[in-house]
Amino acid sequence: MHIMDSDTYEKDLQLLVRDKYAGDAGKVTKEDTERLAAGEPLAYIIGWIPFLTLHIDLSSRSLIPRPETEWWTEQLIIRLREKFKNDSFAFLDLCAGSGAIGLSILKEFPNAHVSFGELIPEHGDQIRKNIALNNLDASRADIRESYLFESFRNDIHQEMRFNVIATNPPYVPEERELETSVIHFEPKEALFSGSDGLDLIREIAVRVDDYLYPKGEVWLEADISNIDAAANLLMNGGAVKTTILTDPYDRQRVVVSYYP
């Protein structure tokens, strides 16, 4: 098991005291210090993480939202304000995990209807908890637990439609070596997707057009090693144009695809 270095431990301990114990170091439990020393991600020990203006609960131990995902969600919000202004629209957060992306849309757009698609039922419950924690409008949220789009088809196999679909699916190649704190503690099913990291993206690319209204958009996070291939898959699946966005760390991070 990875043991973190002393400087990192002290820094994270200060954050733990601040964010979990309201600044009272005397309340920190031995269990929490042992978890921290063992390299468990700080966000799991605290139990939540900030994401834009939201407080994202991680009690079901879904994948911890990353700064780069926070960055492109902010870019997405800017785009949606330009496109829809005050109009209503339908949005899907696919492979939702903690729901951070969709919850941000739910908060920022009072006329948006936001759906969440998530494989793990416990994460669906976590999204419901996050809606309540952030005082969001649950009447505009639709949370469904299933594999990819399966729960967004009705009994006669008609697909629900969305104006925008955003997804941060598993995209890491299986042979990739990741930080020990990630490998030991975060859910592997939210990280890895076949030998090239594209197994799930292939399925999404083939099927996503069936779930979009005309002039729909897809925002998809991918790995720098496979993002060009992901863009090609989306084009082959029906997109008429794709744009790759580069994140603040100068890494190509998101494919935005546009549909007829």
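**Close-up views of a predicted model**

**View 1. Arg66 and its salt bridge to Glu186**. Arg66 is partly exposed, with a relative accessible area of 24% (buried means under 20% relative accessible area, exposed over 50%, partly exposed in between; 1.4 Å probe, protein chains only). The closest N and O atoms of Glu186 and Arg66 are 2.8 Å apart (a salt bridge is a side-chain nitrogen of Lys or Arg within 4 Å of a carboxyl oxygen of Asp or Glu). This is a predicted model, in which local features need pLDDT of at least 70 and side-chain atom pairs count only at pLDDT 80 or more, while totals for chains, interfaces and linings use all residues. Residues are numbered from 1 along each chain as its sequence is written, and side-chain values use heavy atoms, with hydrogens and water left out.

**View 2. Glu217 and Arg79**. The closest N and O atoms of this salt bridge are 2.3 Å apart. Glu217 lies in strand E7 and Arg79 in helix H4, so the pair ties together parts 138 residues apart in sequence (helices, H or I of at least four residues, and strands, E of at least two, are DSSP runs numbered from the N terminus). Glu217 is buried, with a relative accessible area of 1%, whereas Arg79 is partly exposed, at 26%.

**View 3. Surroundings of Arg61**. Arg61 forms a salt bridge with Glu40, the closest N and O atoms being 3.0 Å apart.

**View 4. Trp72 and Trp219**. The ring centres are 6.3 Å apart and the planes are at 20°, so the pair is stacked (rings of Phe, Tyr and Trp, the last by its six-membered ring, pair if their centres lie within 6.5 Å; planes under 30 degrees apart count as stacked, over 60 as edge-to-face and the rest as tilted). Trp72 and Trp219 are both buried.

**View 5. The largest nonpolar core**. This core has 37 residues, and Leu76, Leu80, Phe91 and Ile105 have the most contacts inside it (a nonpolar core is a set of buried Ala, Val, Leu, Ile, Met, Phe, Trp, Tyr and Cys residues joined through side-chain atoms within 4.5 Å). Its largest share, six residues, comes from H4.
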